[in-house]
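Please find below my notes on the model under review.

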Amino acid sequence: MNPFLRRFGAWVFTILLVHAVAFLLVRGARGGPLDSARELPPQVRAALESHYHLDAPLAEQYARALGGLLQGDLGPSMHYRGTGVSEVLAAGLPVSLALGAGGILVALLFGIVAGLGAARRPGGVMDWAVRSGASLVMGIPNFILAGLGVAFFSFVLGWLPSAGSGGPAHFILPSLALGLPFAGQLSRLVRTRGLEVLAGDAVRAAKARGLSEFHILRFHVLPRTLVPVAAFLGPAAAGMLTGSLVVEQVFTLPGIGTHFVQAALNRDYTLALGATVLYTALLGATTWASDIWMARLDPRLGSR
Amino acid sequence: MIRLDMGSKVALGFLVAMGIGALAVASLPLPDPSAFALENALSPPAWTLHPILGTDAQGRDLAARILWGARISLSVGFLGSLVALLIGLPWGAVAGYRGGRADRWMMRFCDALEGVPLVVVVLFLLAILQEYRMEMASIGLGRIHLFFFAVGALFWVPTARVARAEALRLRKAPFVEASRGIGAPTISILLRHILPHLLSTVLVMLTLTLPRVVLMEAFLSFLGLGVEAPDVSWGILSREGLETLNPLVDCWWILALPGLALTLTLLALQRLGDGLRDALSSPGR
């Protein structure tokens with residue numbers, strides 16, 4: 001069977017499994033959607049329960065939830081009355097995707113440039129600076145990094161907005177906070193691989209032809225370092241998913257992460273369930289994308 | 001005897017000092033970490049005098065809060081890593097030793113877990129379990145206890161993989177084949193021959209899991225889903241620091257100092273773990 005098709009099957013299966021388990025937990029948990037501070041009269045309660053099919057047998061409720069999931073309808077939110085979970089998540093998704101794209105861009109840009117720069121002269125000043133910088137950004141938890149960034153760039157210098165979402169400028173600090181730790185890891189990978197490539201015959205031949213150093217790095221070294229980069233992107237995307245929970249919180253970006261954390265704090269379990277399923281889908285999709293890229297860079301990997 | 005390199009020794013020294021500080025904080029001459037003193041709010045660090053590391057927005061002594069926070073952060077880190085070890089080690093050892101179909105299925109389960117955003121799922125679980133806090137309190141379980149299991153569930157897979165690799169290697173070792181030959185039951189081979197040989201691996205895995213667990217505690221507490229006030233942890237201190245931070249008042253210490261304690265501890269644990277791994281795998285041993 002086509003490995004990509006198999007991966008797709010595994011992806012769908014994981015989503016359904018996470019959804020089923022989360023569904024059972026939500027239905028099993030006390031504190032249903034109708035438990036608010038206000039006591040409801042029994043008739044109203046019964047009417048609402050039958051409206052939301054909460055009085056139906058569990059199997060029927062699950063069948064309805066599954067049907068909804070396939071149509072992209074995750075049911076009503078318990079906290080935001082009159083709003084569907086899908087609407088809340090659809091509003092948050094572009095913000096989160098923009099943040100994720102920014103984070104990946106920061107990781108790739110800084111990681112590759114710094115890694116190649118360090119590999120150019122091992123033991124040199126640049127190498128030392130890159131390696132210490134990488135240890136530093138990898139060691140500092142991203143919420144501290146984000147806080148210090150806000151303190152310095154927003155409060156001391158006043159260059160960038162500290163919170164909220166308005167325009168591209170609002171995404172610069174969050175993307176840096178999210179992406180820099182991964183840029184640190186990536187720079188190490190690129191440096192190691194770059195050193196190998198630079199010592200190889202291809203680079204010696206290119207030097208003998210009198211090509212400029214920039215040309216060699218750009219056209220001979222960079223393409224050969226991309227396989228570890230692509231392999232790194234899958235786990236990195238998973239890490240960024242987690243990181244974005246905190247970064248969105250720090251910068252009060254109205255993405256899925258903020259909604260999810262608020263839902264967990266507000267006991268809005270249907271929204272939390274929807275976000276969990278969406279995160280599972282996103283994680284699978286990014287891992288898949290990273291695998292496809294890897295297979296294109298090195299066709300031997302695709303046939304696994 | 002394990003020979004550590006200089007960097008690991010420094011890291012170990014820092015961790016021991018932090019540990020002693022956390023254990024002995026009650027008898028140190030520091031103010032009560034939750035005593036409000038609004039007239040002293042946001043005093044900058046005095047370094048040599050009182051308050052050594054300054055005070056927070058409620059006038060609470062930051063040095064005391066960081067050390068009390070170390071108690072919770074480090075104990076969650078230690079117990080959480082222990083839980084991860086207790087799940088991962090038997091899982092990997094059994095999978096590696098049994099081999100064949102059992103191994104395939106057990107490892108496939110680990111692969112499947114990697115397709116699930118575990119942090120999100122654990123957050124979801126912690127939120128749902130909040131509904132049962134009364135029942136849990138009646139049997140002496142608080143949110144912090146749930147934490148150990150939640151974190152253990154997050155981080156056992158890498159330990160299981162390493163343990164499996166070791167067990168696969170040991171399976172074919174002469175002394176294991178000998179005891180199999182004289183008909184020793186599987187369980188006793190696992191306990192008496194496989195597990196003791198995994199000890200150095202265990203030590204390394206424990207040190208390398210610790211920073212991840214400490215960070216996860218800080219992460220969850222920072223989100224407001226972890227340790228709760230009046231308990232103090234580094235995650236809570238970071239959260240408070242970030243909330244207090246504003247452009248009008250200069251109060252960098254309130255975020256930077258707890259952040260520094262957390263960062264240095266994470267770096268030291270990572271360094272020590274790397275050092276231990278090198279020391280234990282070097283041929284000179």
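**Notes on the predicted model**

1. Of the 285 residues of chain B, 43% count as buried (a residue is buried if 20 or more other C-beta atoms, placed from the backbone, lie within 10 Å of its own). The model is predicted: local features need pLDDT of at least 70, side-chain atom pairs count only at pLDDT 80 or more, and totals for chains, interfaces and linings use all residues. Residues are numbered from 1 along each chain as its sequence is written, and chains are lettered from A and ligands numbered from 1 in the order in which they are written.

2. Chain B has 11 helices and zero strands (helices are DSSP runs of H or I of at least four residues, strands are E runs of at least two, and both are numbered from the N terminus). Among its contacts between residues at least 6 apart in sequence, 72% join residues at least 24 apart; two residues are in contact if their C-beta atoms, placed from the backbone, lie within 7 Å.

3. The largest nonpolar core has 153 residues (a set of buried Ala, Val, Leu, Ile, Met, Phe, Trp, Tyr and Cys residues joined through C-beta atoms within 7 Å). Its largest share, 19 residues, comes from helix H2 (residues 62–98) of chain B. Ala272(A) and Val151(B) have the most contacts inside this core. Leaving aside neighbours within four places in sequence, Val151(B) touches Gly80(B), Val83(B), Ala84(B), Val213(B) and Met216(B).

4. Between the chains, 36 residues of chain A are in contact with 32 residues of chain B. Helices H1 (3–28), H6 (142–156), H10 (226–250), H11 (256–266) and H12 (269–297) of chain A each supply at least two residues of the chain A side. That side divides into 26 nonpolar, nine polar and one charged (Ala, Val, Leu, Ile, Met, Phe, Trp, Tyr, Cys and Pro count as nonpolar, Asp, Glu, Lys and Arg as charged, and the others, Gly among them, as polar).

5. H1(A) and H12(A) pack at an angle of about 165°, with their axes 10 Å apart. The two helices are therefore roughly antiparallel (an angle over 145 degrees). The residues of their contact divide into 13 nonpolar, six polar and two charged.

6. How many of the 11 residues of H11(A) are buried? Eight are, and the helix is mostly covered. What covers its buried residues includes helix H4 (85–120), H10 and H12 of chain A, together with helix H4 (118–129) and helix H9 (199–223) of chain B. H11(A) is followed by Arg267(A), whose phi is positive, near 60°.

How values were computed:
Buried ≥ 20, exposed ≤ 12 C-beta atoms within 10 Å, placed from the backbone. Axes fitted to C-alpha atoms, helices over the stretch in contact; angles between N-to-C directions. Parallel < 35°, antiparallel > 145°, perpendicular 65-115°, else oblique.
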